[in-house]
Amino acid sequence: MAAGPYNYSYIFKYIIIGDMGVGKSCLLHQFTEKKFMADCPHTIGVEFGTRIIEVSGQKIKLQIWDTAGQERFRAVTRSYYRGAAGALMVYDITRRSTYNHLSSWLTDARNLTNPNTVIFLIGNKSDLDAQRDVTYEEAKAFADENGLTFLECSAKTGENVEDAFLETARKIYQNIQDGSLDLNQADSGVQPKQLPRTTPAGGGDAKQCNC
Amino acid sequence: MATEYEVLSYPPPPDDSDLIPMCPVLLDNRAEIEQEAISQSFRSPPLSKANFDAMHDSEGRIVCDHAFRRAVFRGGIEEEIRQEAWRVLFGYFPSNTTAKEREALRTQKECRYAALKRRWRNVLLAKYPDFDLSRPDNYLFDTGPAYKCAPSANVCQAATSCCHSVASMEAEIYANRVPCHIESVKEALQYISKDVPRTDRHYHLFKEDNNPNLLVLRDALVTFTLLQPEVGYVQGMNDIFARFFIVFQSESTAFWCFVYYMTTVQRGFLAEGMLERIKSLRMLLQCLDPDLTSYLYVCEVSELIFCHKWLLLSFQREFEIDDGIRLLEILSSHHLELDSFQGQRARAQCSKNDSTLDLMSCEFGFDLFFAVAIFTLYRDKIFLCTDGSQVHQFISRLSGQLQMDQVLMQAERLFYRYCKKSVLDSFVLLASLIKSEWFMWIDFIVCDIGANFHHCLLSQGGTTHCADGEAAYCSNRGARWPKCGTCPGASPGPYESSIHNILNGFSFRHFSF
């Protein structure tokens, strides 16, 4: 379980949000495993994935939290928003209702993350163009209005998936470079490379369960 | 085997050592009680047909429900009798019904399910006649169904075979009284049709496209939302219903047992209930393993949100389906709950006839002990995680790795330990109360309730001379258990019981802990 050598400069924390069934877990799986997971069970609470990427020659570890989509779970998943450097907000291009709910997801993302959090809009299932229910132009206009970066992706074919995750990281990195993202802030969502802790705090003499 | 922990942890003892001998019996017997708790924790083979049959009387009633539940708790149920036993365990038949009564109940339930299902299908088809009910992934847009079909296809679908004519008439009346709004059906379908095609698809009963069992999942879940509109459909119910269907392979029986199960856990499926459950787990972990809780706090994961899945799904995703089903029956036996017969007995045994303040929260169901057991079994590994994401990753990788019986035995040990600890803590609390500034309050309470106090003593079998103890109590100011001055040889039992009653009855009213 030891962390091993830290061969990256930063950790960026991401969250993936959006309605149920839009393909959040599949996007994560495609990004971390480069595979499409058909019939992937729905997420309860949160799932977690990581991958190390490279931005401007710097190795960055992405720590990605994939959340449950059903409204009922928001009370539980909200606690994961805090300290996210990037938020991927996903809708399904074949289901308009998932697009219509974006403003409520955006409100949550804005309220619960810090002002520098990069929010990236993803229209998933671009492979199902025949069943399209939301046009690219409409979503692009929504993204521009709200200052979001936008891409249509397909977790199934992998189209643009890599780009969405990497572009978000580039933006975050840019924010670090130009100083708009303060790394000393507790909820910046970015951790610079740190040395492994020698003794886990509180764990040194705690090998015995005192129950 | 798990690390065996020996030392009990208490809140910091009152600094005046004079107070410690207050509960000498319990302190001296600590090791003994511990041993006893451990010896009570064991697993048995699953409940066999022979043993199950022996639990019935000649007319088919279960003679002792408690013995049945204990047997299920100890080892689960053999496959051969699982359906029959689950009908009792999940309230399809009350355990005291005879075989004859069960036949009538079965007819009633089958007809009622068919009628309920017809109810929403008719409402749906009246508004959207070209909705294709034969596609489990079909749902409704604002504009209409996602997949259309020729209306004639639905007519055949809607005609469900029905049973007894009187029963079916009764069922029809019953179903028509259940409110059914097209908007709710629409919403339920929208969610359910997204989840059904991704429910345990690797399991043989749900494999392959166009599997009719997917329609069963869909129909039963939509029908459920009719009966429990305030809960509605919540993701995760599909996983649970699938377990019931795997066991029964009968839509209506699985449905009614699922409905029963959901009534026992439904609070956990409401938004505030989810947070409450996680909070209860935090409290229990804090109580049973404070060091681990502190460490999780350092890692910024002490909120335990990642345990939500365990609690919501009764650990179904942590085990293979067969084991998951066994765990579901074991947890549903409710044999070892703080408010169960067995739980009360464990508490009574721990208190050994001494009076206590009962601070235990009965919200701590056995599933919470099961969750804490996982933490304590793997605590050494958790201490090696250097941050929250590692803890999260470690915990999620436990899925499929857990030894169920090992966790169950650990959970049982923790249960007894908690019973005992809460008893011991009560004494420490009482000690600190008497010692601390609250003493003023106790003084006040004791004076305030003088009449009741006297009454308590009498009702506890004390005699009037013990009333002098009241004065002794006030003058001793808690340095030791107040003795009854006029009766040196008297057993302290009644007196302590009185203190217990008084504090139980009054202290909680005067201030909360």
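**Stop 1: the largest pocket**

Begin with the largest pocket, which has a volume of about 1,400 Å³. A pocket here is found on a 1 Å grid over the protein atoms alone, as an open set of points with protein on both sides within 12 Å along at least five of seven lines; a cavity is a set where a 1.4 Å probe fits but cannot get out, and lining residues have an atom within 4 Å of a point. Grid points are joined across faces, edges and corners, and a volume is the space filled by probe spheres set on the points.

This is a predicted model, in which local features need pLDDT of at least 70 and side-chain atom pairs count only at pLDDT 80 or more, while totals for chains, interfaces and linings use all residues. Residues are numbered from 1 along each chain as its sequence is written, chains are lettered from A and ligands numbered from 1 in the order in which they are written, and side-chain values use heavy atoms, with hydrogens and water left out.

Select D39(A), K125(A), D137(B), K194(B) and P197(B): of the 49 residues lining the largest pocket, these lie nearest its centre. Then colour α1 (24-33) and β3 (58-67) of chain A, and α9 (182-195) and α10 (212-227) of chain B, the elements that give two or more residues to this lining. Helices (H or I, at least four residues) and strands (E, at least two) are DSSP runs, numbered from the N terminus. The lining of the largest pocket divides into 20 nonpolar, 15 polar and 14 charged residues. In this division Ala, Val, Leu, Ile, Met, Phe, Trp, Tyr, Cys and Pro count as nonpolar, Asp, Glu, Lys and Arg as charged, and the others, Gly among them, as polar.

**Stop 2: the second largest pocket**

Next, select M37(A), P41(A), E47(A), K309(B) and R317(B), which lie nearest the centre of the second largest pocket among its 39 lining residues. The space in this pocket is about 1,100 Å³. At least two lining residues each come from α1 and β2 (46-55) of chain A and from α11 (237-248), α16 (321-332) and α20 (388-397) of chain B. Which element supplies the largest share of this lining? It is α1(A), with five residues. By class, the lining of the second largest pocket has nine nonpolar, 16 polar and 14 charged residues.

**Stop 3: the largest cavity**

The structure holds four cavities of 30 Å³ or more, and the largest cavity has a volume of about 80 Å³. To find it, show I44(A), V46(A), E47(A), F306(B), K309(B), W310(B), E318(B), H392(B), I395(B) and S396(B), which line it. The largest share of this lining, three residues, comes from α20(B). Five of the lining residues of the largest cavity are nonpolar, two polar and three charged.

**Stop 4: aromatic rings**

Over all chains, 38 aromatic pairs are found. Rings of Phe, Tyr and Trp (its six-membered ring) pair if their centres lie within 6.5 Å; planes under 30 degrees apart count as stacked, over 60 as edge-to-face and the rest as tilted.

Select F48(A) and W65(A), a tilted pair at 4.4 Å centre to centre with 50° between the planes. F48(A) is in strand β2 and W65(A) in strand β3 of chain A, 17 residues apart. F48(A) is buried at a relative accessible area of 14%, and W65(A) is buried at 6%. Buried means under 20% relative accessible area, exposed over 50%, partly exposed in between (1.4 Å probe, protein chains only).

Move to Y99(A) and F142(A): their ring centres are 5.9 Å apart and their planes at 65°, so the pair is edge-to-face. Y99(A) lies in helix α3 (residues 96-100) and F142(A) in helix α5 (residues 136-145) of chain A, so the pair ties together parts 43 residues apart in sequence. Both Y99(A) and F142(A) are buried.

In chain B, select W86(B), F90(B), F206(B), F224(B), F241(B), F244(B), F245(B), F248(B), F258(B) and Y261(B), which form one aromatic cluster.

**Stop 5: the chains as wholes**

Zoom out to chain A, which has six helices and seven strands. Of its 211 residues, 54% count as buried. Chain B has 25 helices and zero strands, and buried residues make up 58% of its 513 residues.
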